[in-house]
Amino acid sequence: MKAALSTLAVGLLFGLGLSCIGFSSWDEVHRMFVFADLRMLLAFMLAVVVLVPATAAWKRWMPGRVKFRTRPTHKGTLLGGALFGVGWALSGACPAIALVQVGEGQLAALLTLGGIFAGNWLYAAVQQRYLHWDTGSCIDE
Amino acid sequence: MHYLAFWQSALVLAAVPLVQWLWLRRSFGVSGRYTALVDELRSPRSAEDEPEMNEAELIAAMRAATAEAFGESVLEAPAAPDPAAPVVLRAADPAYMHWLFFGGIAAGGLVSALARGNWTPTFGLHSELFARMFGASPVLGPLVLVGGGVLVGFGTRMAGGCTSGHGLCGVSQFQRGSLLATLAFFGTGVVTSFALRGLL
Amino acid sequence: MASQDCPHMGTCPMYPVIKLSGSLKVWQTRYCQAAYAECARHKLSVAGQRVPQTLMPNGAYLKLARASSAE
């Protein structure tokens, strides 16, 4: 019960934050990608800058508390990222954003959401049937 | 539309992974939850398949499996566990946890829209540019959204992460794969968006 | 020899446990540092499928031994 409530709360915080930042607006995302408005780009970069010492401190003082995922480089790293970027620019949504958009009442994002699930499924099928790429990790989540 | 300033936005973006680590003790990433849900559909599992184990239980189970595979003779006296790095098997989140997280994100969008007083659900995107680019035909917009979504789902699973896992967390841990993936998705996002300007 | 090391060593949740104890080293020499392509975990992963946490390299599953047999 506690785990369920915490999960819900973190999701809520994340969705609320993304919405207030403007990440759920197709127009804002587009303006970010064509460098017409640097606000969200700077926000993202500053967030990374803040997270560098925060993560290092976390690992130093609370080792083992969180199993951090390492994401090895493999054949799909660049290509997968590249495909994702095209999809993000077209739909205005990364995986979390489609959900925020639906919550905001931008119901067309349900199509994006369905597409994300379908695309994830499709990759699993393609990997199983044709690619057999070694991603360098047994952990997918 | 009034949005947070860049530095406020940055603090929000940085705070969310930290809160997740603190409350959920789980590495932060959204596309992985899609993967978990899809895998659950592709091959359902039961909780008994993957019990939670503490360090002593895990080592006992592994010793039993070792004896079964290689014979009792390979077993030595158990080593003293390292208290600084306890090894445990944590049961994977059940599917409903991922749905709860997703529901929370959507609820966050709802609360934000209500607070701004512009919660007007429509079957569209609240976007002027998208309408100007793709609004001419009633099928083009939906097609772009579905197609874009498929690329997002396919690409993030192939790359093993998205904006949160690779972009925020992986990059701030200087992981080479995350850096490459992030450069790739920002790069093609920029190129695609400039190409879309031609539709205006 | 390094070229024969399993590329999943760095992320495998089972590897730190195997490395920890002398008794479990047999797995390391049999699979992780040699025939990792035969490792059941590696095989599932390359097949694009979810790898159960309790799956051992030989395909057996870890079983939780309860202290008391009742219930």
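Modeller: From the N terminus on, chain A of this predicted model runs α-α-α-α-α-α. That comes to six helices and zero strands.

Biologist: Thanks! How many residues does chain A have, and what share of them counts as buried?
Modeller: Chain A has 141 residues, and 57% of them count as buried. Its C-alpha trace spans about 45 × 40 × 35 Å along the principal axes.

Biologist: Let us take one. Why is the pair of Tyr123(A) and Phe154(B) called edge-to-face?
Modeller: Ring centres have to lie within 6.5 Å to pair, and planes over 60 degrees apart count as edge-to-face. Here the centres are 5.2 Å apart and the planes stand at 90°, so the pair is edge-to-face.

Biologist: And how do you know that this pair joins two chains?
Modeller: Tyr123(A) lies in helix H6 of chain A, residues 109-131, while Phe154(B) lies in helix H6 of chain B, residues 140-159, so the pair joins two chains. Both Tyr123(A) and Phe154(B) are buried.

Biologist: What makes Trp27(C) and Tyr31(C) a stacked pair?
Modeller: Planes under 30 degrees apart count as stacked. The planes of Trp27(C) and Tyr31(C) are at 20°, with ring centres 6.1 Å apart, so this pair is stacked. Both residues lie in helix H2 of chain C, residues 25-32, four residues apart, which is about one turn of the helix.

Biologist: Why are Trp27(C) and Tyr31(C) called buried?
Modeller: Buried means under 20% relative accessible area. Trp27(C) has 0%, so it is buried. Tyr31(C), at 7%, therefore counts as buried too.

Biologist: Which residues form one aromatic cluster?
Modeller: Phe33(A), Phe44(A), Phe84(A), Trp88(A), Phe185(B) and Phe186(B) do.

Biologist: One last topic, charges and rings. What makes you say that Lys59(A) sits over the ring of Phe68(A)?
Modeller: The distance cut-off is 6 Å from the ring centre, and the charge must also be within 35 degrees of the ring normal. The charged end of Lys59(A) is 5.1 Å from the centre of the Phe68(A) ring and sits over that ring. Likewise, Arg42(B) lies over the face of Trp121(A), at 5.7 Å from the ring centre.

How values were computed:
Residues numbered from 1 in each chain as written. Chains lettered and ligands numbered in written order. Predicted model: local features only at pLDDT ≥ 70, side-chain atom pairs only at ≥ 80, totals over all residues. Heavy atoms only, no water. Buried < 20%, exposed > 50% of the residue type's maximum accessible area, 1.4 Å probe, protein only. Phe/Tyr/Trp six-rings, centres within 6.5 Å; stacked < 30°, edge-to-face > 60°.
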